[in-house]
Amino acid sequence: MGPVLIHNVFLLPMDGRGVVEDAQVLVRGAEILYAGPAASLPEGFSPALTIDGRGGVVMPGLVNCHTHAAMTLLRSYADDLPLMRWLTEAIWPLEDRMDGEDIYWGTLLACLEMIRGGVTTFADMYFFMDAAARAVERAGLRASLSRGLIGNGPAAEKGLAESRELVEKWHGAAGGRITVMLGPHAPYTCPPSYLARVIELSGELGVGIHIHVAETLGEMAEIKEKYGTTPVDLLLKTGLLERPVLAAHCVHAGPEDIAVLADKKVGVAHNPESNMKLGSGIAPVQDMLRAGVRVGLGTDGAASNNDQDLFGEMRSAAMLAKVAAMDPTVLPASRVLHMATAGGAAALGLSGTGVLAPGRKADLVLIDIHQPHLIPRHDLSGHLVYAARASDVALTMVDGRVLWMDGRFTTLDDEEIMARAGEKAARLAETSLK
Ligand code: NI
């Protein structure tokens with residue numbers, strides 16, 4: 001795509017500047033050339049595409065720090081069940097029947113939803129990740145992919161071998177849009193001896209680690225009984241936190257755990273809606289932020305959420321923190337916006353994105369605020385967190401390439417994907433009943 005000019009917009013660059021009125025954004029190649037007040041175009045800049053933002057808001061694309069994308073096929077397949085029954089009777093039997101084709105179409109369905117809702121980057125942990133990578137490559141999104149690893153049984157060795165293959169084939173692929181992390185599922189499914197091998201492989205391949213940590217009280221009790229400590233402390237003692245780590249949840253992180261997460265520069269993916277729906281608890285987000293932990297927002301898989309909507313997640317994060325503290329001043333809108341963009345990018349270790357400034361990746365969204373629920377314009381941050389919806393996203397761009405504009409997807413055939421994913425999901429549900 002040639003150079004792009006977006007003008008007549010409010011700009012929320014998330015780089016420390018506040019709202020810039022009457023702004024313009026210039027994109028050349030995959031990068032931002034300029035993001036600031038309207039000015040004459042630089043010499044030699046001749047846009048191939050000029051977009052009139054019509055008074056909308058341009059901000060960095062949203063970062064979904066934790067999901068299992070192909071779980072879109074399990075959306076509303078089993079709601080409102082206790083966690084262990086949900087896993088053992090519904091989710092795992094269905095997942096056992098999934099193949100690469102299911103993962104491909106399920107991931108594409110998630111990509112469709114995320115592009116439509118202004119997500120430009122996501123961190124995914126699942127299986128058949130070669131198929132997931134092919135879906136991401138086609139969709140045009142940025143993603144950090146992990147092959148989920150369970151540390152016992154025959155799958156343990158296979159998972160490590162597949163992780164190595166995934167790194168060798170896809171780390172840095174699709175023009176750098178795809179990166180890979182290792183994905184040990186959790187401290188309670190991966191014993192320390194297995195984590196030691198994950199740590200070693202992570203060092204050898206030069207990639208980070210994506211893991212679920214301290215999600216439920218059941219996990220806290222199990223780790224306490226087996227190892228006499230907390231999941232975060234166990235990971236510290238195994239040496240895992242010496243690697244770049246993305247820790248999903250940390251719902252039950254205590255004050256000492258939080259100090260460790262900050263000290264070791266662990267990225268934390270906060271998933272308020274999944275934590276609420278599964279009854280896991282309330283993560284101490286405010287405490288983590290105060291301690292300097294890098295916190296981003298995630299949706300988790302569509303079986304426990306049930307959407308891939310970061311606008312919903314922003315609102316839930318703010319509301320949940322306030323009701324937990326019984327204090328409306330905690331987690332203000334501007335802080336939540338930061339978590340959903342620059343904070344999320346930092347949690348994933350993707351320093352090139354999450355902020356709109358020269359030299360950064362052109363991963364951005366345009367929000368249409370000419371809508372009844374977004375009038376008047378007292379505070380744009382408040383609007384984006386408390387009133388805007390995923391359906392207000394008018395344009396989604398990744399790496400300087402438009403993926404969604406004028407009500408159309410440019411890389412994906414939405415009708416085909418919805419039909420194919422629906423067929424795949426129906427077949428899985430049917431065979432698992434037999
Ligand atoms: Ni998860």
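Here is a short tour of this structure, stop by stop.

Before you click, know that this is a predicted model, where local features need pLDDT of at least 70 and side-chain atom pairs count only at pLDDT 80 or more, while totals for chains, interfaces and linings use all residues. Residues are numbered from 1 along each chain as its sequence is written, and side-chain values use heavy atoms, with hydrogens and water left out.

Stop 1: What is the geometry of the site? (Four donors count as tetrahedral if all angles lie between 85 and 135 degrees; four count as square planar and six as octahedral if opposite donors are over 155 degrees apart and all others between 65 and 115; anything else is irregular.) H66 and H68 are both buried, meaning under 20% relative accessible area with a 1.4 Å probe, protein chains only; exposed is over 50%, and partly exposed lies in between.

**Stop 2: the core.** Now pick L261, M288, M314, I367 and L412, which touch the most other members of the largest nonpolar core, a set of 123 residues. (Such a core joins buried Ala, Val, Leu, Ile, Met, Phe, Trp, Tyr and Cys residues through side-chain atoms within 4.5 Å.) Helix α2, residues 100-116, gives the most to this core, with ten residues. (Helices are DSSP runs of H or I, at least four residues, numbered from the N terminus.) Domain 1 (4-60 + 359-407) and domain 2 (62-347) both give residues, so the core lies between them; the bounds come from an automatic or database domain assignment.

**Stop 3: helix α12.** Select residues 333-347 and look for M339, where the helix bends by about 45°. (That is the angle between axes fitted to the seven residues ending there and the seven starting there.) Eleven of the 15 residues of α12 are buried, so the helix is largely enclosed by the rest of the structure. Just after α12, G349 takes a positive phi of about 75°.

**Stop 4: L235.** Finish in helix α7, residues 231-238, which holds L235. L235 is buried, with a relative accessible area of 2%.

Definitions and conventions
Helices (H or I, at least four residues) and strands (E, at least two) are DSSP runs, numbered from the N terminus.
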